[in-house]
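We will hop from one selection to the next.

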Amino acid sequence: MPARNQEFYNVLKSETLQDFYDRLKINRPEVVVPSLGMVNDIGHFNVFKRSVYCSVNPSPYNRRDFYKISLIIGCGILHFPNERIEVKGRALLFTNPNIPYSWEGTSETQGGYFCLFTENFMRKKNESLKESLLWRIHGCPLIRIDEHQEGIFMELFLKIMEEMNGEYVHKYDLIRNYVNLIVHEAIKVQPASTDIKHSNASVRLASLFMELLERQFPIGSTDHILELKTAHDFAAKLAVHVNHLNHAVKEVTGKTTSEHISKRIANEAVALLKHTEWNVSQIAYCLGFEYPANFNIFFRRQMQGTPKSFRQVFTE
C-alpha cells in the first residue's frame, strides 16, 4: 500500500488502551497510566471526569478496543460512519469496539463522567451487557436524558469514582454492579417499544451473526476480499437454516439479515471512500462486487448517491 494510503488507513485502525492513555498524557502529563499487563487475563476498568479530559482536543475518528459509557453534560458533535449527531445539554453515550466515532466538543464547558472497560472485565459477572450494547451498533448509541435522569446517572458515576479511589477488597465486583445499573437505567429511559422481550435462542443466534458480520471489518488492504456477503453465507457459516437465521435476526433487531449486511457494507464503502485513495473498482472488488457497475447500483440504492459523488464531498 502506498505511504499516503497507509496514512489514510490508520484512521480506521482501532485505538488500543495504550493508545488511549498515551493520548491523554500528551496534554495531561500528570496522568498515571495503570499497568496493562494483565488486561487479557482480568480485564481493565477506569473512570474519569469529562471536565478534565474532554475539553482539550477532539477525539480521533477511530474504533476503540474497549467499551465506553459517557455521561455527557455540554454541547458537541458526534461523528459516526454515516451520521453526524448534535448534542445540546445532556445525554448518555454507549460506544463499543465495533463502530468508529469521534467526539467534537462545541461548548467551552464539558461536564459529566466517562468510564471505559474491556469485554472480559464485565464478562466475569454479566454476559448480557455485551448484548445490550451490541444492538446499538446499527442504531443511535446516544440516549438523550432530562435533568432528573441526569441526577440518577450522576449519582451512579460518583459511586464508581468513590469505589475506584477506595480500598474495598471487592470493589471491582461492586463497580460491575454499578455499570450494570447504568445500563438498566438507560434501557428504562428508552421508549417502551424498544424494550422488546426476545427468546434467549434468538438473542444468541442474532448476536453470533452480528459478531461474525463485524469481524470482517475494517477492510485493511486491496487484497482483503469480503468472504461473507449474503444471508445464505452467514447461515452456512453458523450451521443453521437461512430461514431460522432470518427469523432470529428480525425478531431481535427489527431488521432483516440482508438489511444489516447491506448497511454494514455501505458504511464500510463510505469509510474507504473517505479515508483511502483506492479507486472505486478496488473498493468494489474488496467488498465482494465482481463488477464496479453492480457496486454503483448497490451504493446508490443504499446511500442515495454515487461513490464518485460521495468522494467529491469528502475532498472538497
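The model is predicted, so to speak: local features need pLDDT of at least 70, side-chain atom pairs count only at pLDDT 80 or more, and totals for chains, interfaces and linings use all residues. Numbering starts from 1 along each chain as its sequence is written, and side-chain values use heavy atoms, leaving out hydrogens and water.

Select residues 292–303 to see helix α14, which holds Asn296; helices here are DSSP runs of H or I, at least four residues, numbered from the N terminus. The end C-alpha atoms of α14 are 16 Å apart, in agreement with the 16 Å that its twelve residues should span at 1.5 Å a residue (the expected span is 1.5 Å times one less than the number of residues).

Next, colour Phe295, Phe298, Phe299 and Met303, the buried residues of α14 (buried is under 20% relative accessible area, exposed over 50%, partly exposed in between, with a 1.4 Å probe and protein chains only). Viewed down the helix axis, these buried residues fall within an arc of 105 degrees, so they line one face of α14 (the arc is that of the directions from the axis to the C-beta atoms).

Now click Asn296, which is partly exposed at 30% relative accessible area. Asn296 touches Val280 and Pro307, not counting residues up to four places away in sequence; contact means heavy atoms within 4.5 Å.

Step on to Gln304, which follows α14. Gln304 is exposed at 66% and has a positive phi of about 55 degrees although it is not a glycine.

Finally, select Phe217 and Pro218: the peptide bond between them is cis, with omega near 0 degrees.

Key: Helices (H or I, at least four residues) and strands (E, at least two) are DSSP runs, numbered from the N terminus.
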